[in-house]
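Trainee: I would like to learn how to read a protein model feature by feature. Please take me through one.

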Amino acid sequence: MSSTVINPARRIRGEIVPPGDKSLSHRAAMIAALADGTSQVTNFSPCEDCQRTLQCLRALGIAVGQWQTEKGSLVEIAGRGLYGFRPPEGVLDAGNSGSTIRMLSGILAGQPFAATITGDASLRRRPMDRIVHPLRLMGATITACEDRFAPLTIRGGELRPISYHLPIPSAQVKSAILLAGLYAPGVTIVSEPVASRNHTEIMLKEFGADVTTDEGKTSVVGRSGLIPQSYEISGDPSAAAFFIAAAAALRGSELVVRRMLVNPTRTGFFDALKELGVTLDLVRESIVHGERVADVIVRSERESLRQRSEPYLVAGRRIPILIDEIPILAVLATQTRHGVIIRDAHELRAKESDRIRTIVTNLRRMGAHVSEQDDGMIIPGDQKLRGAEIDPAGDHRIAMAFAIAGLLAEGETVIRDSECVAVSFPGFFSVLDHVVER
Ligand code: S3P
C-alpha cells in the first residue's frame, strides 16, 4: 500500500479536463451491450469501477475494445441485443463498484440463465436487499448472503412489470429496476421519495427506449430494441468537485473546468458553494446526449465560503444531489464562518466506507471539532486544520477529500493507501500537482 504526502498550498491556478463521468460510463457500457449493434463511447472513464463493468460484460460474452485517443479512452461495445448475453463461466466480480453490481443485477434478472456476482470486502458489506426485493417482485429468483449481501446468484427469466416506490432515494436501485423493465412486457414504473440522478432515464431514451418521466415517476416500456449510438461522455462533476473545492478555499485561486456534466441532479455541491459565497460561473453551456454540459470557472475572493451569518444546513431533498460530495463538503465546512450541519444523510453509512465515521475520524485527526450524528454531522466553522496521517479506509472519496484538506492545513499530511483514488480517478494526484501553486 502506498502513501502520498500533501503539503500546504498557496492557491489553485489553471485549467483541468475532468475524466469522463463514472455514472455515465457505467450506464453507457451496459446499455450499449443491450443494443442491436456496435456503439462507440468516447471519453469513457478510466477508473477501476468502470473497468469492472467492462470486465463483467466481457464475461457475459460481449466483445469490448478499448483504445487511448487524444480525446480520452474510446470504448467500442458490440451490443448483441436484449437477449445476447452468454452464461458466464465463473463468478462475475464487481470489485469495489456498487453501480456495477446493482445495475448489472437488473439486467441479469432478465436473462434466461443463472449468474453469480460478487465484489471486494467493502462491496460485500453493502446492502443489496434494496435491489433483491424489487427484482424478486418482477419474477427473478435471487439468493444472497444473509438474504441481503453479495455474492448474489440471480436466475432470471420471464419478468413482469411492476410499479415500485423506492423506500430510499437511490439511482442505482432505480436503474436496476428500469433495466429489468426492458425485459418485462408492459410498463414498469419507478417512483422515488426524492429525486436522484436521472442518467439512466436520459440515456435509455438516447438509445431509443420508450421512457417517460413525470412528477417523480419514471416509466419504461419493455421488450423494445435499443439502437447503438456514438456517445461522448462528459466530464465527471464528482471528480472535478475536489479541485473546485480547493480553488474555493484558497484565496486568489482561479480554475477553469472544461466540459463538465452539469445535470441538476448532480450539482447540489456547486449550488451549496454559491450559497456559501463562492464565485462559480457556467459558460459555454450545451446539451450533449440529453445531458447539460458546461465549462465552469471558479474564483476565490475575499469572502469566499464565508458569506453566511448562521450555520449552513444541508438536508432533505438536497442530500441525493450532493451525496458523493459530502466528504469534501465536510472538509470545506471547517473553512466557513459558522459551519455546516448535514442531516438526513444516513445513506453515507452504506457507501464504500461508513462515510460519516471516516469523515469524523479523519477531521478529528486534523485537529477539527465535529459532532457525529446518526444521519450526518455538525461541523463548526473557522477551524484551522493541522497536517495528520489520514486513513481513508480504502474509500476513494475520503482519500481525495483529505488530500484537499492537506492543502489547507498547516504542516504535512500523509494519505495512507492513497492508490484507492483509482477507484474513481486514477490521475487525481497528477492533476493536483498540475494546478497547485505553493
Ligand atoms: C450512483 C448513485 C449513488 C452514488 C454513486 C453512483 C449512480 O449511489 O452515490 O456513487 O451512478 O447511480 P446510490 O444509488 O446508492 O445512492
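Mentor: We will go through the sheet, the cores, the ring pairs and the salt bridges.

Trainee: What should I know about the model before starting?

Mentor: This is a predicted model: local features need pLDDT of at least 70, side-chain atom pairs count only at pLDDT 80 or more, and totals for chains, interfaces and linings use all residues. Residues are numbered from 1 along each chain as its sequence is written, and side-chain values use heavy atoms, with hydrogens and water left out.

Trainee: How do I read a sheet?

Mentor: Strands of a sheet pair through backbone hydrogen bonds, either parallel or antiparallel. Strands here are DSSP runs of E with at least two residues, helices are runs of H or I with at least four, and both are numbered from the N terminus. Two strands pair if DSSP finds at least two bridges between them. In this model, five strands form an open sheet in the order 16-17-15-2-24, with mixed pairing.

Trainee: Which strands are at the edges?

Mentor: Strand 16 (279-288) and strand 24 (436-437); each pairs on one side only.

Trainee: How do strands 15, 16 and 17 pair?

Mentor: Strand 15 (residues 254-261) runs antiparallel to strand 17 (residues 291-299), over six bridges. Glu-254 stands opposite Arg-299 there. Strand 16 and strand 17 are also antiparallel, over eight bridges. Ile-287 faces Arg-292 in strand 17. The hairpin of strands 16 and 17 has two residues between the strands, and His-289 takes a positive phi near 50° in it.

Trainee: How do I read a core?

Mentor: Start with burial: buried means under 20% relative accessible area, exposed over 50%, partly exposed in between (1.4 Å probe, protein chains only). A nonpolar core is a set of buried Ala, Val, Leu, Ile, Met, Phe, Trp, Tyr and Cys residues joined through side-chain atoms within 4.5 Å. The largest one here has 78 residues. Among those touching the most other members are Ile-244, Phe-269, Met-377 and Phe-428. A second, separate core of 70 residues includes Ala-33, Val-75, Ala-109 and Ile-117.

Trainee: What does Met-377 touch?

Mentor: Contact means heavy atoms within 4.5 Å. Leaving aside neighbours within four places in sequence, the contacts of Met-377 include Ile-326, Val-340, Leu-348, Ile-359 and Ser-371.

Trainee: Which residues of helix 9 are buried, and what do they pack against?

Mentor: In helix 9 (residues 268-275), Gly-268, Phe-269, Phe-270, Ala-272 and Leu-273 are buried. The buried residues of helix 9 pack against helix 8, strand 15, strand 16, strand 18 (312-314) and helix 10 (326-333). Just after helix 9, Gly-277 has a positive phi of about 100°.

Trainee: How do I read aromatic pairs?

Mentor: Rings of Phe, Tyr and Trp (its six-membered ring) pair if their centres lie within 6.5 Å; planes under 30 degrees apart count as stacked, over 60 as edge-to-face and the rest as tilted. The whole structure has eight such pairs. Tyr-83 and Tyr-183 are edge-to-face, at 5.3 Å centre to centre and 90° between the planes. Tyr-83 lies in the loop between strands 5 and 6 and Tyr-183 in the loop between helix 6 and strand 11, so the pair ties together parts that are 100 residues apart in sequence.

Trainee: Are these two tyrosines buried or exposed?

Mentor: Tyr-83 is partly exposed, at 46%, and Tyr-183 is buried, at 1%.

Trainee: What do the phenylalanine rings do?

Mentor: Phe-242, Phe-243, Phe-425, Phe-428 and Phe-429 are linked by ring pairs into a cluster. Phe-243 and Phe-425 are both buried.

Trainee: How do I read salt bridges?

Mentor: Side chains of opposite charge can pair when their charged atoms come close. The criterion is a side-chain nitrogen of Lys or Arg within 4 Å of a carboxyl oxygen of Asp or Glu. The structure holds 34 salt bridges. One of them joins Glu-437 and Arg-10 (3.7 Å, N to O). Glu-437 lies in strand 24 and Arg-10 in the loop between strands 1 and 2, so the pair ties together parts that are 427 residues apart in sequence.

Trainee: Where does Glu-201 find its partner?

Mentor: Glu-201 bridges to Lys-174, with the closest N and O atoms 2.8 Å apart. Glu-201 lies in helix 7 and Lys-174 in helix 6. Glu-201 is buried, at 4%, and Lys-174 is buried, at 1%.
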